[in-house]
Structures are given as structure tokens and as C-alpha cells.
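Visitor: Could you walk me through reading side-chain contacts and helix packing?
Guide: Gladly; let us look together.

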Amino acid sequence: ERQGKIPGARGSLRMCWPHVHNAKACAALRVLRSTCMDPESELRASYRDMVSRRRLAVLNHSRGQVGYVHVPDMERLGFADFHRLFAVESQRNGLIVDLRGNLGGYISELCLQKLAQRRLALCQTRYSRPVPYPSGAPPAATAVLVDELTASDGELLAYACRERSLAVLVGRRTHGSLLGVGQGLPLIDGSELGVPSEVLLGLPGQLENSGVEPDILCPLTPSEVWSRTDTVIEAALRHLLNALQGGGTAGE
């Protein structure tokens with residue numbers, strides 16, 4: 001290595017791997033140079049992997065009848081994730097829209113337009129399976145998952161789905177922070193002061209500081225955290241599958 005040799009080449013194997021004594025093994029060894037991923041990219045990859053595992057678990061448990069969509073936030077990436085999965089998952093007989101951990105944003109209206117569509121008919125061609133009309137309309141059996149970290153524009157979407165009888169809410173009471181906060185005012189110590197700048201008027205009921213109560217409550221217990229089981233998804237699946245077997249909608 002002092003002579004500029006690549007680590008892992010002949011002549012430097014003993015320095016790199018002193019525990020390897022087999023000559024044939026030494027000749028086959030090589031060094032792989034790697035670089036650390038950008039933390040934001042790694043977090044994004046881990047998130048996509050989590051969504052993929054949840055989606056496969058829902059598909060396997062429901063035998064392909066129920067789809068799964070997770071909306072991480074109500075901003076640019078959140079809508080991209082929603083739009084990417086919704087086009088496929090909304091074609092199934094049931095649908096789970098996961099808003100847990102959604103801290104809000106500004107695109108709830110765009111998601112609501114998708115969820116508010118209703119199937120009027122089925123379009124059947126000679127060599128393909130039937131597709132609903134409108135093609136992007138979600139099934140009547142739809143569940144929206146919420147928790148204490150569903151806030152702002154995220155809980156507004158959950159509230160709208162329940163008030164319009166578009167879905168049943170499953171999980172825990174939302175955060176209760178619907179007020180919009182504008183750009184913070186800088187303070188002398190480097191911190192910022194947030195000032196409420198936007199409020200929704202005319203909503204029946206009190207959401208601010210109260211949140212949205214789910215239709216099916218799933219308390220978070222220590223055993224659930226320890227076993228890493230998702231009782232909220234399990235409860236939503238039970239409800240949707242029962243609704244599909246009974247021929248009703250998710251809200252019945």
C-alpha cells in the first residue's frame with residue numbers, strides 16, 4: 001500500500017486480511033470501495049421499503065382484495081406517493097389509505113377529489129378484466145388510518161372523508177392542530193416565533209385542540225410496540241373484509 005498498490009492486490013493481502021492464511025482464498029479476495037449514502041436518500045429508501053412491506057402484507061392477508069396507500073405528508077412528495085400507488089391500488093375491491101404520521105401541508109383537496117369519486121359502472125373488453133368507470137374511482141369499502149401524529153392538512157382530509165361518508169376512520173384521535181402557521185418571526189436568540197395565519201371557518205364541530213375521533217379505536221399498547229404488530233392495519237382489514245363479505249360498504 002505504501003508503494004501505491006491497490007488494497008487487496010497481491011502483495012498487500014496480508015496487510016489487509018491478516019487472518020486469511022489460504023493462498024487460494026487470498027487470491028480471490030478483493031476490496032470493494034463504498035461511499036456513504038446521503039442521509040436524506042437513505043431515509044427515503046427506508047420509507048419506500050416500509051410501504052412496500054406493508055402493501056405486500058395487506059395483499060397477502062386479503063388475497064389481493066384490498067389495496068394499501070400511504071401518504072407521508074400533504075406536500076409535493078406526499079402527493080407523488082399518493083398518485084403513484086392510488087392508480088393501482090384503487091382498482092381493488094377494498095382500499096386502505098394510511099395517514100398516520102402525516103403532519104400536513106396543502107394538497108388535501110387534490111387527494112379528496114380522487115377519494116370522492118364513486119364507481120358508476122364496469123367497463124369490460126373482450127380480452128381484459130373489468131375496470132371501473134370512472135377508472136380512478138376508489139371502492140366503496142375504504143378505510144383511512146389515523147393516529148396522534150396525523151395533523152393539520154392530514155387530519156382535515158380524514159375529517160372530510162368521514163363527513164362525506166367516503167371512508168371509515170381507524171386508529172387513534174388525531175393531533176388537533178388545524179390552524180395554519182405562516183413563516184416564523186426570527187428572535188434574537190436564533191429561534192423563531194410561529195404566528196397562526198390561516199383558519200377554516202364553517203366546519204361543524206371543533207377540530208382545533210380536539211382532533212378527529214376515529215370510528216374504530218385502536219389504542220397503542222406496550223405489547224404492540226414490543227411485538228411490532230400493526231393492530232391498526234389488522235383492524236382495518238377485518239372491517240373491510242367483513243364489509244366485502246356482507247356486500248356492504250365500509251361505513252355500514
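Visitor: Which side chain does a polar contact of 3.2 Å join to that of D98?
Guide: A polar contact is a pair of N or O atoms within 3.5 Å; within protein, one must be able to donate a hydrogen and the other to accept it, and residues adjacent in sequence count only if both atoms are side-chain atoms. Here the partner of D98 is R54, and another such contact, of 2.7 Å, links the side chains of D98 and Y68. This is a predicted model, where local features need pLDDT of at least 70, side-chain atom pairs count only at pLDDT 80 or more, and totals for chains, interfaces and linings use all residues. Residues are numbered from 1 along each chain as its sequence is written, and side-chain values use heavy atoms, leaving out hydrogens and water.

Visitor: Is D98 buried or exposed?
Guide: Buried means under 20% relative accessible area, exposed over 50%, partly exposed in between (1.4 Å probe, protein chains only). D98 is buried, at 0%, and lies in strand β2 (residues 94-98); strands are DSSP runs of E, at least two residues, and helices runs of H or I, at least four, numbered from the N terminus.

Visitor: How do α3 and α8 cross?
Guide: Two packed helices are described by the angle between their axes and the distance between the axes. For α3 (residues 39-62) and α8, the axes come within 11 Å and cross at roughly 35°. Axes are lines fitted to C-alpha atoms over the stretch in contact, with angles from 0 to 180 degrees between N-to-C directions.

Visitor: Which residues of α3 meet α8?
Guide: With contact meaning heavy atoms within 4.5 Å, R54, V58, H61 and S62 meet I233, L237 and L241 of α8.
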